[in-house]
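Please open the structure in your viewer and keep the selection panel at hand.

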Amino acid sequence: MLGKRSAQRSLFDPLMLPHRVPEGSFYGRMGKVSDVLFRDEELAEMYCPDNGRPSLPPSLMSGVMLLQFYDNVGDEEAVQRLQFDLRWKVALGLPLDFAGFDPSSLTIFRDRLRQFGKERYAFDRMVEVGREAGLLPPKVQVLIDSTHMLGAGATEGTYTLVRHGIRKLLRAMGYHLPQHRKKLGSKLECYLESGYKPKLDWANPAARKEHLQELVADAHSVLELALEHTEDEEVRGSGWMLSKILGDDISFDEKGQAEIGQGVAEDRIVSVTDSTMRHGHKSSSQRFDGDKSHLVEEPLTEMLLNMMVGPGNEHDGKKLSPAIDGVEQHYSMKVDRATGDGAYGTGDNRAEFDERGIDLISPLAESYGRLGKSHFQIDLENQKVTCPEGCTTSKWRWVKDQKKRKVRRFQFPELACLNCPRHKECVGERKKSRTVMLHYHESHLIAARQRQKTEEFQVVYHIRAKVERKIAEMVNHGLRQARYIGQEKKELQALWTGAAVNLKRLFKLIQEDFCRLRSALDSLFARKSRPMRLPAVSLLTRSGQTMPFFRRARLI
């Protein structure tokens with residue numbers, strides 16, 4: 001049943017007693033609006049209306065979670081700060097003798113938020129408050145970028161992945177229970193031990209190869225056992241994971257002997273503990289194991305408008321459209337310009353955004369060390385391509401791109417290419433002629449190359465540095481390291497960290513005009529709870545004039 005915070009003040013209320021928490025700090029400012037920052041009624045649907053013990057007030061739990069992600073602390077540390085840290089008591093408006101609660105209550109509250117689709121609650125609230133306060137217009141320009149989030153699971157090698165995959169599948173089938181464990185032979189029973197690792201001379205290649213044969217054979221034996229439990233969803237999921245590990249990491253030689261596969265599979269699982277972790281690259285030299293966080297920022301107010309978490313190996317450009325859709329759908333805003341680095345400026349994204357009427361500002365990568373397609377003159381109307389040395393070709397044929405779409409590939413005469421003084425720079429060491437494959441949306445790429453040479457593009461693109469600063473701020477609040485397992489929980493972490501950063505930004509934008517901030521919070525709650533026209537209750541403004549209640553949020 002829904003529990004509510006009492007409006008009755010205690011004699012030990014820090015807001016009524018002298019304290020040393022600065023009024024201008026984040027905690028002091030949050031304390032001035034703590035009674036209206038979150039509302040119990042807004043999360044009432046997560047609780048039974050007429051049965052059970054009263055819960056911990058969801059407004060209190062929301063405030064604790066916001067501070068938890070702001071200070072980047074775990075559940076136990078959060079409860080301890082709630083009990084002993086005067087800054088937290090001031091920020092939450094709690095009495096000095098507040099007893100706290102069990103740390104598991106935070107875990108339960110997070111699960112309840114996800115269960116009822118409320119993981120965006122705090123983030124959406126801060127953005128909507130910004131709109132109510134007149135800071136965010138209905139039509140916005142946005143900046144977008146990504147940063148890596150290291151996974152909470154341990155990165156494992158092939159041998160460990162297979163062992164843990166076998167153990168997880170056996171446990172999913174119930175073989176860890178005493179009555180079922182007896183049915184397993186001693187050969188498979190050892191995998192149920194969490195710390196099992198065979199005594200092996202790991203420096204001996206022959207011993208490692210022999211052990212790999214045993215591991216693969218045992219894995220196939222367990223997969224055969226799983227065929228008898230295909231109706232169980234957990235068994236199917238664990239069986240799929242073990243099969244994928246074998247497929248990604250194991251290959252077989254001409255004699256049928258298992259061996260570690262060469263190279264890295266594109267979507268390779270790197271941890272059984274967290275199967276969503278992936279190998280990712282932010283640059284050619286910087287590799288990480290985990291996920292990517294994508295941020296959408298409004299450059300004038302520098303407030304975050306959306307946060308998303310995706311696989312670490314996914315190309316940034318795939319998240320551009322969903323990220324912009326989230327801004328327009330959640331807040332009924334119209335995005336008329338999006339600025340991002342070269343990873344977001346794919347031909348498909350440019351074509352889609354041109355159709356949607358969104359100006360996409362993103363540079364196209366230039367080729368260094370060799371002649372790239374940007375050095376060639378492409379005449380789409382006459383179906384001709386001219387190289388930097390003046391050689392023109394109209395010879396082309398249809399080929400298919402990665403998405404199986406038909407595109408044109410032009411080929412220059414072999415004799416002209418072999419005799420060209422820039423052959424090595426253009427083609428390399430190969431004794432072949434140069435080919436140029438057009439993109440399915442090549443016309444958009446040509447327009448982008450021409451535009452990025454203009455001074456206007458450089459001026460507009462220069463503001464992208466703001467989102468880099470925002471990423472650095474988010475990293476300071478713990479965004480770089482995932483606290484939880486699974487992408488849904490990681491996205492909750494990103495959203496609530498973003499909510500804390502947005503609240504800090506609101507304090508900065510509104511300065512000491514807490515009347516204006518409280519008005520926006522009150523107006524937002526009243527608009528959600530009572531859709532009819534609000535009564536014209538007067539409010540005394542800073543200038544001494546009165547203003548109707550429903551216009552308080554627009555005070556400047």
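The stops below cover pockets, salt bridges and a sheet.

The structure is a predicted model, in which local features need pLDDT of at least 70 and side-chain atom pairs count only at pLDDT 80 or more, while totals for chains, interfaces and linings use all residues. Residues are numbered from 1 along each chain as its sequence is written, and side-chain values use heavy atoms, with hydrogens and water left out.

**Stop 1: the largest pocket**

Select Thr346, Gly347, Gln402, His439 and Leu445, which are the closest to the centre of the largest pocket among the 29 residues that line it. A pocket is found on a 1 Å grid over the protein atoms alone: it is an open set of points where a 1.4 Å probe fits, with protein on both sides within 12 Å along at least five of seven lines, and lining residues have an atom within 4 Å of a point. The space in this pocket is about 890 Å³, where a volume is the space filled by probe spheres set on the points, and grid points are joined across faces, edges and corners.

Next, colour α14 (347–356) and α17 (442–451), the elements that give two or more residues to this lining. Helices (H or I, at least four residues) and strands (E, at least two) are DSSP runs, numbered from the N terminus. Which element gives the most to the lining of the largest pocket? It is α14, with four residues. By class, the lining has eight nonpolar, 12 polar and nine charged residues. Here Ala, Val, Leu, Ile, Met, Phe, Trp, Tyr, Cys and Pro count as nonpolar, Asp, Glu, Lys and Arg as charged, and the others, Gly among them, as polar.

**Stop 2: the second largest pocket**

Now select Arg5, Ser6, Ala7, Gln8 and Asp35, which lie nearest the centre of the second largest pocket. Its volume is about 570 Å³, and 23 residues line it. The elements α2 (34–37) and α3 (58–71) each give two or more residues to this lining. The lining residues divide into nine nonpolar, six polar and eight charged.

**Stop 3: salt bridges**

Show the side chains of Glu488 and Arg114, which meet in a salt bridge (3.3 Å, N to O). Glu488 lies in helix α20 (residues 487–510) and Arg114 in helix α6 (residues 104–115), so the pair ties together parts that are 374 residues apart in sequence. A salt bridge is a side-chain nitrogen of Lys or Arg within 4 Å of a carboxyl oxygen of Asp or Glu, and the count by this rule is 42. Glu488 is exposed, at 57% relative accessibility, whereas Arg114 is partly exposed, at 24%. Buried means under 20% relative accessible area, exposed over 50%, and partly exposed in between (1.4 Å probe, protein chains only).

Move to Arg337 and Asp359, whose side chains form a salt bridge (3.2 Å, N to O). Arg337 is in strand β7 (residues 334–339) and Asp359 in strand β8 (residues 359–361), 22 residues apart. Then select Asp325, Glu328, Glu352 and Arg356, which are linked in a network of salt bridges.

**Stop 4: a sheet**

Finally, display the three strands that form an open antiparallel sheet in the order β12-β13-β14. Two strands pair if DSSP finds at least two bridges between them. β12 (396–400) and β14 (435–437) stand at the edges, each with a single partner strand, so one side of each is left without a neighbour in the sheet. To end, select Gln411, which stands opposite Thr435 in β14.
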